[in-house]
Amino acid sequence: MKQLFEIETDKPEILNEFRELARKYKLSFREWKLAKSDNPSPSGDPFFDNPENLKEILRRKKEMETGNIESVIFPGLG
């Protein structure tokens with residue numbers, strides 16, 4: 001058996017159409033619900049579960065976008 005493709009959708013009409021096509025062509029398929037997560041990491045890295053880490057990432061992104069980058073000097077390196 002070979003897997004042809006995978007779809008993700010929140011729209012019932014698309015899923016129903018896919019089911020009908022599968023029945024018409026006698027194809028087997030599996031369905032499952034995906035869990036929604038606020039964690040932006042595809043692997044679910046727990047680093048991103050900490051709100052302070054996300055806040056810092058967004059702050060640095062804003063600095064880069066505005067060109068207002070704060071310099072950081074690390075002890076022993078600067």
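This is a predicted model: local features need pLDDT of at least 70, side-chain atom pairs count only at pLDDT 80 or more; totals for chains, interfaces and linings use all residues.
Tutor: Residues are numbered from 1 along each chain as its sequence is written, and side-chain values use heavy atoms, with hydrogens and water left out.

Student: What makes up the secondary structure of the protein chain?

Tutor: The protein chain has two helices and zero strands, where helices (H or I, at least four residues) and strands (E, at least two) are DSSP runs numbered from the N terminus.

Student: Why is the protein chain called more spread out than a compact globule?

Tutor: The globule rule, 2.2 Å times the number of residues to the power 0.38, is set against a radius of gyration taken over C-alpha atoms. For 78 residues the rule gives 12 Å, whereas the radius of gyration is 22 Å, well over that value, so the chain is more spread out than a compact globule. The C-alpha atoms fill a box of roughly 65 × 25 × 20 Å along the principal axes, and buried residues make up 6% of the 78 residues.

Student: Why does Lys-26 count as exposed, and why does Phe-29 count as partly exposed?

Tutor: Buried means under 20% relative accessible area, exposed over 50%, and partly exposed in between (1.4 Å probe, protein chains only). Lys-26 has 77% relative accessibility and therefore counts as exposed, whereas Phe-29, at 35%, counts as partly exposed.

Student: How do you know that the span of α2 agrees with its number of residues?

Tutor: The expected span of a helix is 1.5 Å times one less than its number of residues. For the 16 residues of α2 this should be 22 Å, and the end C-alpha atoms are 23 Å apart, which agrees. At the start of α2, a side-chain oxygen of Asn-50 reaches to within 2.8 Å of the backbone nitrogen of Glu-52, and α2 is followed by Gly-67, whose phi is positive, near 75°.

Student: Which residue lies 10 residues from Phe-29 along the chain, with 8.5 Å between the C-alpha atoms?

Tutor: That residue is Arg-19, whose C-alpha atom is separated from that of Phe-29 by 8.5 Å.

Notes
A polar contact is a pair of N or O atoms within 3.5 Å; within protein, one must be able to donate a hydrogen and the other to accept it, and residues adjacent in sequence count only if both atoms are side-chain atoms.
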